[in-house]
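User: I'm new to this one and would like to learn how to read it. Could you walk me through it, feature by feature?

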2 protein chains.
Amino acid sequence: MGYAPAMRNLDQHTITESALERIAKCNNPRLKEVMIALIRHVHEFAREVNLTPDEWMAGIEFLTAVGHITDDKRQEFILLSDTLGLSALVDILANRGKSKAATESSLLGPFFREGAPELAAGDKIARGIEGEPLMLSGRVTSTDGKPLSGAHIDVWQASTDGRYDLQFDNFKGAEMNLRARFRTDGEGRYLIRTVKPSSYGVPSDGPVGKMLNALGRHPFRPAHIHFIISASGYRPLVTALYIDGDKYIDSDVVFGSREQLVVKYRKGKAAEADAIEYDFVVEANSQSR
Amino acid sequence: MGYAPAMRNLDQHTITESALERIAKCNNPRLKEVMIALIRHVHEFAREVNLTPDEWMAGIEFLTAVGHITDDKRQEFILLSDTLGLSALVDILANRGKSKAATESSLLGPFFREGAPELAAGDKIARGIEGEPLMLSGRVTSTDGKPLSGAHIDVWQASTDGRYDLQFDNFKGAEMNLRARFRTDGEGRYLIRTVKPSSYGVPSDGPVGKMLNALGRHPFRPAHIHFIISASGYRPLVTALYIDGDKYIDSDVVFGSREQLVVKYRKGKAAEADAIEYDFVVEANSQSR
């Protein structure tokens with residue numbers, strides 16, 4: 001009948017060509033590139049597993065539930081991306097070009113908050129939190145070993161019971177706890193007092209929690225402390241330190257833990273707090289891709 | 001340090017192995033199979049396009065918007081699946097094993113409603129709708145040509161201005177229009193009176209509409225009429241007839257139109273309505289996969 005054959009005589013293979021033809025006129029080359037790969041992979045996935053209409057519907061319902069539980073305080077799509085390893089992969093891809101001498105990055109996670117209080121060296125970031133005291137110290141240096149004075153260190157962590165301030169029962173919306181901003185001294189040193197963090201489960205009462213359960217996966221992250229190191233002229237370092245010996249250190253539900261970022265507690269003498277010493281190494285902006 | 005290397009020394013390739021290892025204990029073999037393919041394709045997609053953190057965030061925000069506009073009356077995830085060709089692909093896959101002699105299937109779409117009124121042969125399904133009259137007739141037969149009497153024909157369509165009853169401005173929630181259920185007579189014949197449908201745009205005021213626009217795609221479906229043919233002992237046929245000559249016949253935004261399902265209006269003589277004649281061929285249950 002003289003119709004364009006790719007358009008109407010669609011089979012399980014030609015429909016992909018047809019879908020790609022439709023975006024031939026997209027005038028944003030990067031969007032086009034990303035969507036071509038997305039459509040190819042979505043179609044190939046469906047063909048590979050011979051996705052049934054019931055399974056497709058289950059997927060639609062799952063995504064709908066993820067969308068409906070997501071609000072200003074809870075981002076279930078990010079949690080989904082995290083638990084599938086996509087967030088960590090995107091982080092790895094973004095940091096591929098970095099110098100091997102620089103500290104590895106790790107996931108930002110959903111609990112960073114702007115505007116944490118600026119504290120002085122040695123101040124405690126945990127207020128009214130029970131737990132074993134912990135002292136964090138070390139230096140911030142460039143990849144060639146130069147100490148960086150005046151570098152900003154944002155630090156945030158969960159409490160001993162595994163909750164960030166945002167998740168406290170009595171959280172009112174503005175107060176900050178277990179988070180602060182420090183500056184390195186003239187020798188690039190920092191000193192932070194806090195309490196030991198513990199492992200915790202990501203929110204598991206929603207669709208992603210159900211998914212993890214159905215997949216036979218636990219929802220836990222090993223104990224860790226988050227950091228962002230920022231110094232003028234240097235690439236910001238978003239990372240975290242993970243506590244050695246944690247039960248979940250090798251099975252972080254969001255694929256954040258890295259061998260280079262695993263630290264041990266150094267036992268404090270007598271009444272001293274246990275300590276973590278860690279030097280953060282940042283890369284100059286000019287070295288970045 | 002003796003750690004399981006795949007777990008903590010993750011790079012852009014080993015993270016995929018690590019994510020797959022995590023679901024090794026899943027005790028639902030089909031879920032495991034589907035998720036393995038999904039994780040592989042999601043990771044491969046990110047690697048292939050070198051997805052940046054900003055692009056990843058744009059994707060999270062897009063999915064969040066799709067979730068938030070979805071409610072009982074609007075399913076933006078299905079619309080997303082439809083416009084990417086995934087829904088049509090799943091339909092094609094589900095019907096691959098069907099006899100070539102049977103009528104091809106086409107998308108159910110989001111506008112089918114249970115409980116449409118049962119009408120008698122020749123009744124009109126359009127009440128109070130302006131438009132050119134149209135007569136639909138033909139037979140329902142088995143793949144070996146046997147007429148099927150008492151087969152159910154569910155029919156539904158958009159009005160002349162491109163809206164289904166659910167989308168009418170004055171829609172109250174229960175009334176049915178432009179949809180009904182008929183039965184074939186002793187010779188397998190059906191006769192339905194209606195008005196001519198027209199092409200229409202899928203909802204384009206949401207995130208999927210923005211996506212189509214950014215991709216340089218129009219949001220239109222060619223004029224069509226939906227059918228479900230059900231006969232005891234036969235596989236239900238979900239299909240649609242598409243009107244020849246429609247501007248969008250070769251670029252249906254949801255990839256539903258098929259050459260075998262394209263029909264022409266037969267001009268009515270004098271005061272007679274234009275007509276479509278079409279024989280639906282259904283396959284016995286025993287022949288299905």
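**Reading the model step by step**

Analyst: Let's start with a pair of strands: in chain A, strand β8 (residues 237–243) is joined to β9(A) by two bridges, and the two strands run parallel. Keep in mind as we go that this is a predicted model.

User: Which residue stands opposite V263(A) of β9(A)?

Analyst: That's I243(A), facing V263(A) in β9(A).

User: And what order do the strands of the sheet in chain A come in?

Analyst: Read across the sheet, the order is β3-β2-β7-β8-β9 in chain A. There are five strands, the sheet is open, and the pairing is mixed.

User: Which strands stand at the edges in chain A?

Analyst: Look for strands with a single partner: in chain A these are β3 (179–183) and β9 (262–263), so one side of each has no neighbour in the sheet.

User: What does the sheet in chain B look like?

Analyst: Chain B also has five strands in an open sheet, ordered β3-β2-β7-β8-β9, with mixed pairing. Its edge strands are β3 and β9 (262–263) of chain B, each pairing on one side only.

User: Let me zoom in on β2 of chain B. How many bridges link β2(B) to β3(B)?

Analyst: Five bridges, with strand β2 (residues 152–157) and strand β3 (residues 179–183) of chain B paired in the antiparallel sense. To find your place in that pair, look for H152(B) opposite R183(B) in β3(B), and I153(B) opposite F182(B) in β3(B).

User: And how many bridges are there between β2(B) and β7(B)?

Analyst: Six, again in the antiparallel sense, with β7 of chain B covering residues 224–230. I153(B) is a handy landmark here too, as it stands opposite I229(B) in β7(B).

User: Let's move on to the two chains together. How are two copies of a chain related?

Analyst: In general, you describe the relation by a rotation about an axis and a shift along that axis. Here, rotating by 180° with 0.0 Å of shift along the axis superposes chain B on chain A, with an RMSD of 0.1 Å. The two copies are thus related as by a two-fold rotation axis. If you want to find that axis from chain B, go to G67(B): its C-alpha is the nearest one in the chain, 1.9 Å from the axis. Both copies use the same surface, too, with 100% of the contact residues of chain B recurring in chain A.

User: How many residues of each chain are in contact?

Analyst: 70 residues of chain B are in contact with 70 residues of chain A. On the side of chain B that touches chain A, at least two residues each come from α1 (5–8), α2 (14–22), α3, α4 (53–69), α5 (76–83) and α6 (86–94). The one that gives the most is α3(B), with 16 residues. Sorted by class, that side of chain B has 38 nonpolar, 18 polar and 14 charged residues.

User: Now for helices packing across the chains. What describes two packed helices?

Analyst: Take helix α6 (residues 86–94) of chain A and helix α3 (residues 29–49) of chain B: the angle is about 20°, and the axes are 10 Å apart. Angles under 35 degrees count as roughly parallel, and α6(A) and α3(B) are therefore roughly parallel to each other. The crossing of α6(A) past α3(B) is right-handed.

User: Which residues make that contact?

Analyst: From α6(A) you have L86(A), L89(A), V90(A) and L93(A), and from α3(B) you have V42(B), H43(B), A46(B) and R47(B). By class, the residues of this contact are six nonpolar, one polar and one charged.

User: And how do α3(A) and α6(B) pack?

Analyst: Helix α3 (residues 29–49) of chain A packs with α6(B) at an angle of about 20°, with the axes 10 Å apart. That makes α3(A) roughly parallel to α6(B). Here α3(A) contributes V42(A), H43(A), A46(A) and R47(A), while α6(B) contributes L86(B), L89(B), V90(B) and L93(B). This contact of α3(A) with α6(B) divides into six nonpolar residues, one polar and one charged.

Definitions and conventions:
Residues are numbered from 1 along each chain as its sequence is written. Chains are lettered from A and ligands numbered from 1 in the order in which they are written. This is a predicted model: local features need pLDDT of at least 70, side-chain atom pairs count only at pLDDT 80 or more; totals for chains, interfaces and linings use all residues. Axes are lines fitted to C-alpha atoms, for helices over the stretch in contact, and angles run from 0 to 180 degrees between N-to-C directions. Helices (H or I, at least four residues) and strands (E, at least two) are DSSP runs, numbered from the N terminus. Angles under 35 degrees count as roughly parallel, over 145 as roughly antiparallel, 65 to 115 as roughly perpendicular and the rest as oblique. A crossing is left-handed if the near helix is turned anticlockwise from the far one by less than a right angle, and right-handed if clockwise. Two residues are in contact if their C-beta atoms, placed from the backbone, lie within 7 Å. Ala, Val, Leu, Ile, Met, Phe, Trp, Tyr, Cys and Pro count as nonpolar, Asp, Glu, Lys and Arg as charged, and the others, Gly among them, as polar. Two strands pair if DSSP finds at least two bridges between them. Copies are superposed by least squares on the C-alpha atoms of residues with pLDDT of at least 70 in both.
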